[in-house]
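Dear colleague,

Please find below the structure that I am handing over to you. My notes on what was found in it follow.

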Amino acid sequence: MKEIEQFLKNDPGNIICQSELSKCHSRMGIIYFSKFRIKDGTNSFLAALNILEQLTKKEPDNKNWQYELSRTYEMLGDFLHSNNDPAYAELFYSVAVAIRKKVQGEEHPEYISGLCNLISLYISMRRYQVAENLLKEQLTVYDKMPGKELPGYAWCLEKLAGLYIDKGNYQDSQILLLKAVVVKKKIFGEKHPEYEAALIKLNNLYKKTGTLNSIYSDMSKAMQGNQPV
């Protein structure tokens, strides 16, 4: 890092050196967080973000800078979320998602992944209405996409179903879980743990409401070792 900083003193406009310096700061941030030096880790990531912000201002159409910027925001959000700092995690996740939506579009896997992180954060913060709104928004996007057999689609269906179950809206949660089962069956096949987990969630809902699932012949397998929804 010191060598790069020395190069930049002699050539402050060197974009390659600036980019490498931002990566060094990010790596240092990861190291600090691994040692639970949260303040140092945050400051290192903020230094990386400052450099990347300047680079994107110089070259606003450079998608590589935009991607690095969004990824760095997201990494800082990840670390802060894992260290129980949800308010700042929300801030950095939100910026990362906004950049990706603008640059990559709402159907891009990177944007969808970032949005899922934000939704999980809101659920952990018990901000269920915000999480529900984002899940509905994302499902609307999936409904417009050809071939929705994607793990993220099933994830959204199950998360929204879980929120509906907590609110006592069992009818809509059942519809969503049925869709999730169908999607996971297409993606993973009948013997995959993800498919079996989806069946268990659906079966638990049927048990909760006192009804019986007669749609899937292998439901008896899902009834073994039931887990909470």
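In these notes, a residue is called buried when its relative accessible area is under 20%, exposed when that area is over 50%, and partly exposed in between (1.4 Å probe, protein chains only). Please note that this is a predicted model, in which local features need pLDDT of at least 70 and side-chain atom pairs count only at pLDDT 80 or more, while totals for chains, interfaces and linings use all residues. Residues are numbered from 1 along each chain as its sequence is written, and side-chain values use heavy atoms, with hydrogens and water left out.

I begin with the overall fold. The chain has eleven helices and zero strands; both are DSSP runs numbered from the N terminus, with helices being H or I of at least four residues and strands E of at least two. Of the 229 residues in the chain, 41% are buried. The chain exposes about 12700 Å², of which carbon and sulfur atoms supply 53%; these areas come from the Shrake-Rupley method with a 1.4 Å probe, and for residues only the protein chains shown count as cover.

Helix α2 covers residues 15–34, which makes 20 residues. From first C-alpha to last it reaches 29 Å, close to the 28 Å expected at 1.5 Å a residue, where the expected span is 1.5 Å times one less than the number of residues. Its buried residues include C17, L21, C24, Y32 and F33. Just after α2, F36 takes a positive phi of about 60 degrees.

The largest nonpolar core has 55 residues. Such a core is a set of buried Ala, Val, Leu, Ile, Met, Phe, Trp, Tyr and Cys residues joined through side-chain atoms within 4.5 Å. Y73, L76, L118, L139, L157 and L176 touch the most other members. Helix α8 (residues 151–166) gives this core its largest share, nine residues. With neighbours within four places in sequence left aside, L118 is in contact (heavy atoms within 4.5 Å) with E90, Y93, S94, V97 and L134.

Finally, a search of the whole structure finds zero disulfides, a disulfide being a pair of cysteine sulfur atoms within 2.5 Å. C116 is in no disulfide, and the nearest cysteine sulfur, that of C156, is 4.8 Å away. C116 is buried, with a relative accessible area of 13%, and C156 is also buried, at 0% relative accessibility.
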